[in-house]
Amino acid sequence: MRPGGQPDMQQLMKQAQKMQQQLAAAQEELAQAEVTGSAGGGMVTATMTGSGELTAIAISPQAVDPDDVETLQDLVVAAVRDANRAAGELTQQTMGPLAGGMGGMGLPGF
């Protein structure tokens, strides 16, 4: 630190680099993680990565009614939304501590 308690530029750069590495590791962790959402008591499930990429949809045969396709469509949408909510929670848990540390640096969006 320089006189007056201010960190020098080299220390700030080291902190920024460390935070960037932690952020990259957290993003990779999210990309590898999977979450599942469901609807209709589990008749429809949606799986996505922690980073929000939809990877699978599973539909129980009981959910398929040729005379009521609209309900099945609603169940698919609800399952995807549930998976998206779970991915958001995982992102918050994974990135939350990093975002708090970046807030002190005045970075927008954190």
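Okay, thanks everyone. Before anything else, keep in mind that what we have on screen is a predicted model. Let me start with the overall layout. The protein has 2 helices and 3 strands, and if you walk along the sequence you get α-β-β-β-α. Out of the 110 residues, 23% are buried. The accessible surface is about 7,400 Å², and carbon and sulfur atoms account for 53% of that. On contacts: take those with a separation of 6 or more, and 47% of them join residues 24 or more positions apart.

Now, the inside. Which residues make up the largest nonpolar core? There are 12 of them: Val35, Ala39, Val44, Ala46, Met48, Ala63, Leu72, Leu75, Ala79, Ala83, Ala86 and Ala87. Three elements, β1 (34–39), β2 and α2 (69–103), each put in at least two residues. The top contributor is α2, which gives 6 residues to this core. Setting aside neighbours within four places in sequence, Leu72 contacts Val44, Ile59, Ala63 and Val64.

Let's move over to the strands, and to a pair of threonines. Thr47 sits in strand β2, residues 44–49, while Thr55 is in strand β3, residues 54–59. So is Thr47 buried or exposed? Thr47 has 14% relative accessibility, so it counts as buried, the cut-off being under 20%. Thr55, on the other hand, has a relative accessible area of 40% and is partly exposed.

Who do they touch? Leaving out residues up to four places away in sequence, Thr47 contacts Glu34, Val35, Thr36, Glu53, Leu54, Thr55 and Ala56. With neighbours within four places set aside, the list for Thr55 is Glu34, Thr47, Met48 and Thr49. You'll notice that Thr47 and Thr55 are in contact with each other, and Glu34 turns up for both Thr47 and Thr55. One distance while we're here: Thr55 and Val35 are 20 residues apart along the chain, and their C-alpha atoms are separated by 9.9 Å.

Next, helix α2, where there is another threonine to look at. Thr94 lies in α2, and because its relative accessibility is 14%, Thr94 counts as buried. What is Thr94 in contact with, beyond its neighbours within four places in sequence? The answer is Ala26, Glu29 and Leu30.

Last topic, charges. Side chains of opposite charge can pair when their charged atoms come close. How many salt bridges does the structure hold? It holds 2. In one of them, Asp82 pairs with Arg85, and the closest N and O atoms are 2.8 Å apart. In the other, the side chains of Glu89 and Arg85 meet at 2.9 Å, N to O. Arg85 has a part in each, and Asp82, Arg85 and Glu89 are linked in a network.

Asp82 and Arg85 are 3 residues apart in helix α2, so about one helical turn separates them. Glu89 and Arg85 are 4 residues apart in that helix, so they are also separated by about one helical turn. Arg85 is partly exposed at 42%, and Glu89 is partly exposed with a relative accessible area of 42%.

That's my tour. Happy to take questions.

Technical notes
Residues numbered from 1 in each chain as written. Predicted model: local features only at pLDDT ≥ 70, side-chain atom pairs only at ≥ 80, totals over all residues. Heavy atoms only, no water. Buried < 20%, exposed > 50% of the residue type's maximum accessible area, 1.4 Å probe, protein only. Contact = heavy atoms within 4.5 Å. Core = buried A, V, L, I, M, F, W, Y, C linked by side-chain atoms within 4.5 Å. Areas by Shrake-Rupley, 256 points an atom, 1.4 Å probe, with all protein chains shown as cover. Salt bridge = Lys/Arg side-chain N within 4 Å of Asp/Glu carboxyl O.
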